[in-house]
Amino acid sequence: MISRTSIDLIQETARVEDVVGDFVQLRKRGANLIGLCPFHNEKSPSFTVSPAKNIYKCFGCGKAGNPIHFMMEHDNLSYPDAIRYLAKKYGLELEETGADPIFDAAEQEKESLYLVNQFANQFFQ
């Protein structure tokens, strides 16, 4: 498990405009930044990033959150994986304790479901 102090450090350090800017071309409009939403197809920008509040919001599809939630949505990462990604991006060290048995069970179930789906895919092809 990742320590609470490490999570707090990531939340304070990660800037939404940097994280989103890696995936979306943003333009300044007033105090905010706008761009095309990466979560759905659109022709006019409805994706707004607020550096002052450190959040993003799409007024087209309704997705919103902070830099951690953006990474979870965009790259389909779990919460710990999004924290690890941002720590690597900003060069921060994470304090991790021993593995959580509940998390291990969930990972094993996820891996089992992946293998079952892979077998079904091969069978039906």
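Which helices do the buried residues of α1 pack against? Hi everyone, let me walk you through that. This is a predicted model, where local features need pLDDT of at least 70, side-chain atom pairs count only at pLDDT 80 or more, and totals for chains, interfaces and linings use all residues. Residues are numbered from 1 along each chain as its sequence is written, and side-chain values use heavy atoms, with hydrogens and water left out.

So, helix α1 covers residues 4–13, and its buried residues are S6, I7 and I10. By buried I mean under 20% relative accessible area, with exposed over 50% and partly exposed in between, using a 1.4 Å probe and protein chains only. Helices (H or I, at least four residues) and strands (E, at least two) are DSSP runs, numbered from the N terminus.

Looking down the axis of α1, the buried residues fall within an arc of 100°, so they line one face of the helix. That arc is taken from the directions from the helix axis to the C-beta atoms. On the other side of α1, T5 and E12 are exposed. And here is the answer to my opening: the buried residues of α1 pack against α3 (67–75) and α4 (79–90), where contact means heavy atoms within 4.5 Å.

Now over to α3. P67, I68, F70 and M71 are buried there. They cover an arc of only 160° around the axis, which puts them on the same side of α3. Their partners are α1, α2, β3, β4 and α4.

That brings us to the largest nonpolar core, which has 21 residues. A core here is a set of buried Ala, Val, Leu, Ile, Met, Phe, Trp, Tyr and Cys residues joined through side-chain atoms within 4.5 Å. V20, F47, V49, F70 and L86 have the most contacts inside this core. At least two residues each come from α1, α2 (16–21), β3, β4 (55–58), α3 and α4, and α4 gives the most, with four. Leaving aside neighbours within four places in sequence, L86 touches I10, A14, V19, P67, I68 and M71.

One more stop, in strand β3 (residues 47–50): T48 sits there. T48 is buried, at a relative accessible area of 17%. Not counting residues up to four places away in sequence, T48 is in contact with N32, L33, I34, I55, Y56, K57 and F59.

Finally, for contrast, take F119 in helix α5 (residues 101–124). F119 is exposed, with a relative accessible area of 58%. Thanks, and I'm happy to take questions!
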